[in-house]
Amino acid sequence: MKIDPGNAEPQLGAKTSHAKLGLGAPSLPPGYKQTEVGVIPEEWEVVTASEACELVVDCKNRTPPVVADSDYAVVRTPNVRDGKFVLEELRFTDAVSYREWTARAVPQSGDIMITREAPLGEVCEVPPNRKVCLGQRMMLYRPAPAKTASNYLLFALMSEPVRANLLRKIGGSTVGHAKVDDIRFLQLPHPPLPEQRAIAAALSDVDGLLGALDRLIAKKRDLKQAAMQQLLTGQTRLPGFKGEWVMKTLGEIAKIQRGASPRPIDSPVWFDDNSSIGWVRISDVTRSGMFLLETTQRLSPLGVQYSRPVATGTLIMSICATVGRPIITKIDVCIHDGFVVFENLQAEQLFIYYFLKWIEPDWSKHGQTGSQMNLNTALITGTTISQPPLPEQTAIASVLSEMDLELAALEQRREKTCALKQGMMQELLTGRTRLI
C-alpha cells in the first residue's frame with residue numbers, strides 16, 4: 001500500500017449527535033454489529049487478550065537490582081512510548097537477576113509489552129537482539145501465531161476503542177493503575193488472520209514513512225548544528241567575505257535588561273484576558289520556535305506598569321529554569337524577571353539569535369542553582385562573541401534560516417503523516433474501511 005504523506009489527508013467524517021437532531025440512536029450499517037469495542041464487521045470477533053495470546057505474564061512485585069555495564073535491560077514504564085521502545089532512562093541488571101526475572105517467560109521478538117501504570121496502556125514490541133526483562137508495573141503479551149499477528153496486536157492495543165475500554169476498567173484516568181486481570185482480559189477487535197496481516201502491513205507502511213522522516217529530520221538537525229559551529233566561529237567563511245572578525249561582549253552590542261514581575265504574582269489584578277499585551281512565561285517559549293506568536297496570559301494595564309514592556313520584533317532570552325532559550329517576539333509583550341531583553345542591538349538580530357542558540361547548552365554550566373537554575377545579568381553581558389562585518393552576519397543568518405525552513409517543512413510533513421496514521425487506524429481497526 002503506497003502512501004504519499006505530502007498529499008494524503010485522512011478523510012474522517014464529521015461526528016454529529018443523533019440525539020441532538022432528534023433522530024434517536026443511529027442504525028447500524030449493513031454487515032456491522034455493536035460490540036464492547038464499538039461497531040465492527042459481523043465476521044470479526046471480540047476476544048480477550050488472553051484468548052488472542054498464547055502467553056500473558058506480569059512482572060515480579062519488586063524491582064531487580066540495578067547494575068551498570070550489563071547487557072540485561074529492565075524495561076520500565078518510561079521505556080515504552082507511542083508504540084516504540086525508548087532507550088532513555090533504560091536500566092540494567094545482572095545475569096543472575098535476569099534469569100530469576102525471566103523464569104516464567106523470556107521476552108522475545110514479536111512479544112508485546114504493556115504498561116500497567118501512568119502512562120497507562122503504552123505498548124511496544126520487544127526489541128530484537130536485546131535481552132530484556134519486565135520491570136515493575138509491566139506485562140507481556142505473546143500472540144498465538146495461529147490466531148493473532150504480532151504487529152496487528154500492537155496496533156489494536158494502540159487503537160482508541162481498546163484504550164478507552166481499558167480506561168473504563170480503572171475509572172477513566174490515564175494516571176491510574178491497572179490490575180493484572182484488566183490487562184489479561186482486555187477486549188480486542190479480532191478480524192480473521194489474513195485481514196489482520198493486511199491491516200498491519202498498511203499501518204506498518206506509514207510507520208516506515210515516519211521512521212524515514214525521523215531519520216531525515218535528525219540528519220538535518222545534525223547538519224545545521226555543524227553549520228552553526230563552522231559559520232558562527234568563522235572556521236568556514238561564506239564566498240565573497242574576507243573582512244576581519246572582532247571580539248565583543250554581548251553587553252557592548254546591546255543594552256541587556258532583566259524583566260520585572262508584579263507581586264504577589266498570583267493576584268488577578270495583574271491579568272486581563274482581553275488585553276493585547278502578552279505576559280511571557282517560560283512555557284510559552286519552550287513550546288515555540290524562533291518567534292513568539294502568542295502567550296497563555298495577558299496583563300492588565302496595572303500589570304504592565306509593574307512588569308517590563310517589550311515591543312514586537314525584540315530579542316529576549318530566558319534566564320530561569322530553562323536557561324538560555326532565545327526567542328524573537330512577534331507581539332507586544334511584557335517579560336518577568338525570568339527573562340532578559342536585548343535592546344538597541346548593534347548587530348544583525350538573527351545572527352545574535354543563532355549565536356545564542358548555539359551556546360544555549362553551555363549556559364547551564366555557569367547558572368546559579370537554588371530552587372531552579374538561573375543566570376545573572378552580569379554573566380550574560382560579559383559573554384564574548386566573535387563578530388564579522390554586518391553584511392556577513394546577514395548572510396550567515398540567511399543560510400541558517402534556510403536550514404530552519406527546511407526543518408520546519410519536514411516536521412510539518414511528519415505531523416501530517418501522524419494525522420494520516422491516526423485516521424487510518426480509526427478506519428482500519430474498526431473495519432469501516434476493509435482491505436480484504
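Visitor: Let's start with S261: is it buried or exposed?
Guide: Its relative accessible area is 16%. Buried means under 20%, exposed means over 50%, and partly exposed lies in between, using a 1.4 Å probe and protein chains only. So S261 is buried.

Visitor: What sort of model is this, and what is the mean pLDDT of the protein chain?
Guide: This is a predicted model, with residues numbered from 1 along each chain as its sequence is written; local features need pLDDT of at least 70, and side-chain atom pairs count only at pLDDT 80 or more, while totals for chains, interfaces and linings use all residues. Side-chain values use heavy atoms, leaving out hydrogens and water. pLDDT is the predictor's confidence in each residue, from 0 to 100. In the protein chain, 91% of residues reach 70 or more, and the mean is 90.

Visitor: Where in the protein chain is confidence lowest?
Guide: Strand β21 (residues 326-329) has the highest confidence, at 98. Helices (H or I, at least four residues) and strands (E, at least two) are DSSP runs, numbered from the N terminus. Over residues 1-23 the pLDDT is below 50, and beyond near neighbours in sequence this stretch has 30 contacts in the model, a contact being heavy atoms within 4.5 Å. The lowest confidence, a mean of 42, is in helix α1 (residues 18-21).

Visitor: Back to S261: which side chain does its own side chain make a polar contact with?
Guide: S261 is in the loop between β15 and β16. Leaving aside neighbours within four places in sequence, S261 is in contact with W279, Y306, H336 and D337. A polar contact is a pair of N or O atoms within 3.5 Å; within protein, one must be able to donate a hydrogen and the other to accept it, and residues adjacent in sequence count only if both atoms are side-chain atoms. At 3.2 Å, the partner is the side chain of D337.

Visitor: That loop also holds P264, so what is the omega of the peptide bond from R263 to P264?
Guide: P264 does sit in the loop between β15 and β16. The bond from R263 is cis, with omega near -5°.

Visitor: How about V269: what is its relative accessibility?
Guide: V269 is also in the loop between β15 (255-258) and β16 (278-280). V269 counts as partly exposed because its relative accessibility is 45%.

Visitor: Which helix is largely enclosed by the rest of the structure?
Guide: Among its buried residues are Y152, L153, L154 and F155. Seven of the nine residues at positions 150-158 are buried, so the helix that is largely enclosed is α4.

Visitor: P64 and G313 are 249 residues apart in sequence; how far apart are they in space?
Guide: P64 is in the loop between β4 (53-58) and β5 (72-75), and it is buried at 4% relative accessible area. Not counting residues up to four places away in sequence, P64 touches V74, T93 and W101. From C-alpha to C-alpha, P64 and G313 are apart by 54 Å.
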